[in-house]
Amino acid sequence: MNKEIQLQDLGHKDYKDTWDYQEMLFKKIVDVKLEKRNVPELVTPNFFLFVEHPHVYTLGKSGDISNLLLSEKQLEAKGATFYKINRGGDITYHGPGQIVGYPILDLENFFSDIHKYLRFLEEVIILTLAEYNIIGTRSEGETGVWLDVGTPFARKICAMGVRASRWVTMHGFALNVNANLGYFDNIIPCGIKGKAVTSMHVELGKEVDEEEVKRKIVKHFANLFEAQFIN
């Protein structure tokens, strides 16, 4: 079992280019797993990508296109793109001021339980938010991290959607840090009507240091997964 995770911060990067890169890393891990059947001493690598995308809307494989409230021309006018992709979940938005994390892991290096994996991802964000005195919680039946669940003011601060095959993961989470929340008005986020979105910036009333947030995410991820990050 290899508990080392190669950390890569891609900075600002196009969504499709990043998706292609994820697919390449995903295939690399799967190929090693297949070869491992004949060469048991092989170890599978793990990767964790941080990235910030230009304005883009993505729709999961089970999502409903009617949750995108813009036409192709309107998308263009807003400088945004749209992709139907191979993760779980419905529609979401990525853009500047949002920290996107893509763990591309061989889960068998850690544990073989996709539900536990999703709960751990949520816990990483909950623990990170707690360091800023923001109380993040789970909402039953709705993946991601929310604030004030069970009240009329429930709002989502972090969306999640993953894909897993042969216990190898890709896609991940999107935490609103300093994001322009106006872009969420063009979709029904995650296909859930009547629920608002928020950001750390809105909750704290000030700009938040994104590099500091990333460091805290890495710290909590390493602790929960009992992993070691390498650059």
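**Aromatic rings and cores**

Reply: In this predicted model, a cluster built from ring pairs joins Phe 48, Phe 50, Phe 110, Phe 111, Tyr 117, Phe 120, Phe 173, Phe 221, Phe 225 and Phe 229.

Me: How many aromatic pairs does a search of the whole structure find, and is the pair of Tyr 15 and Trp 19 stacked, edge-to-face or tilted?

Reply: The search of the whole structure returns 16 aromatic pairs. For Tyr 15 and Trp 19, the ring centres lie 6.3 Å apart and the planes meet at 50°. Since stacked requires planes under 30 degrees apart and edge-to-face requires over 60, the pair of Tyr 15 and Trp 19 is tilted.

Me: How many residues apart in sequence are the parts that the pair of Phe 48 and Phe 173 ties together?

Reply: Phe 48 and Phe 173 form a tilted aromatic pair, with 6.3 Å from centre to centre and 55° between the planes. Phe 48 belongs to strand β2 (residues 47-52), whereas Phe 173 belongs to strand β10 (residues 168-176), so the parts that this pair ties together are separated in sequence by 125 residues.

Me: Is Phe 173 buried or exposed?

Reply: The cut-off for a buried residue is a relative accessible area under 20%. Phe 173 has a relative accessible area of 2%, and therefore counts as buried.

Me: Which residue lies over the face of Phe 111?

Reply: Phe 111 is a member of the ring cluster, and Phe 225 touches Phe 111 as well as Lys 3, Leu 105, Phe 110, Tyr 117 and Phe 120, when residues up to four places away in sequence are not counted. Over the face of Phe 111, at 4.5 Å from the ring centre, lies Lys 116.

Me: Which element supplies the largest share of the largest nonpolar core?

Reply: The largest nonpolar core has 37 residues, and those with the most contacts inside it are Ile 125, Leu 175, Met 200, Val 213, Ile 217, Phe 221 and Phe 225. At least two residues of this core come from each of β2, α3 (114-130), β8 (142-147), β9 (155-165), β10 and α5. The largest share of this core, eight residues, is supplied by α3.

Me: How many residues are in the second, separate core?

Reply: Among the members of this second core, which is separate, are Trp 19, Phe 47, Ile 85 and Ala 174. Trp 19 is buried, as is Tyr 15. The size of the second core is 17 residues.

Conventions
Residues numbered from 1 in each chain as written. Predicted model: local features only at pLDDT ≥ 70, side-chain atom pairs only at ≥ 80, totals over all residues. Heavy atoms only, no water. Phe/Tyr/Trp six-rings, centres within 6.5 Å; stacked < 30°, edge-to-face > 60°. Buried < 20%, exposed > 50% of the residue type's maximum accessible area, 1.4 Å probe, protein only. Helix = DSSP H or I, 4+ residues; strand = E, 2+ residues; numbered from the N terminus. Lys NZ or Arg CZ within 6 Å of the ring centre and 35° of its normal. Core = buried A, V, L, I, M, F, W, Y, C linked by side-chain atoms within 4.5 Å. Contact = heavy atoms within 4.5 Å.
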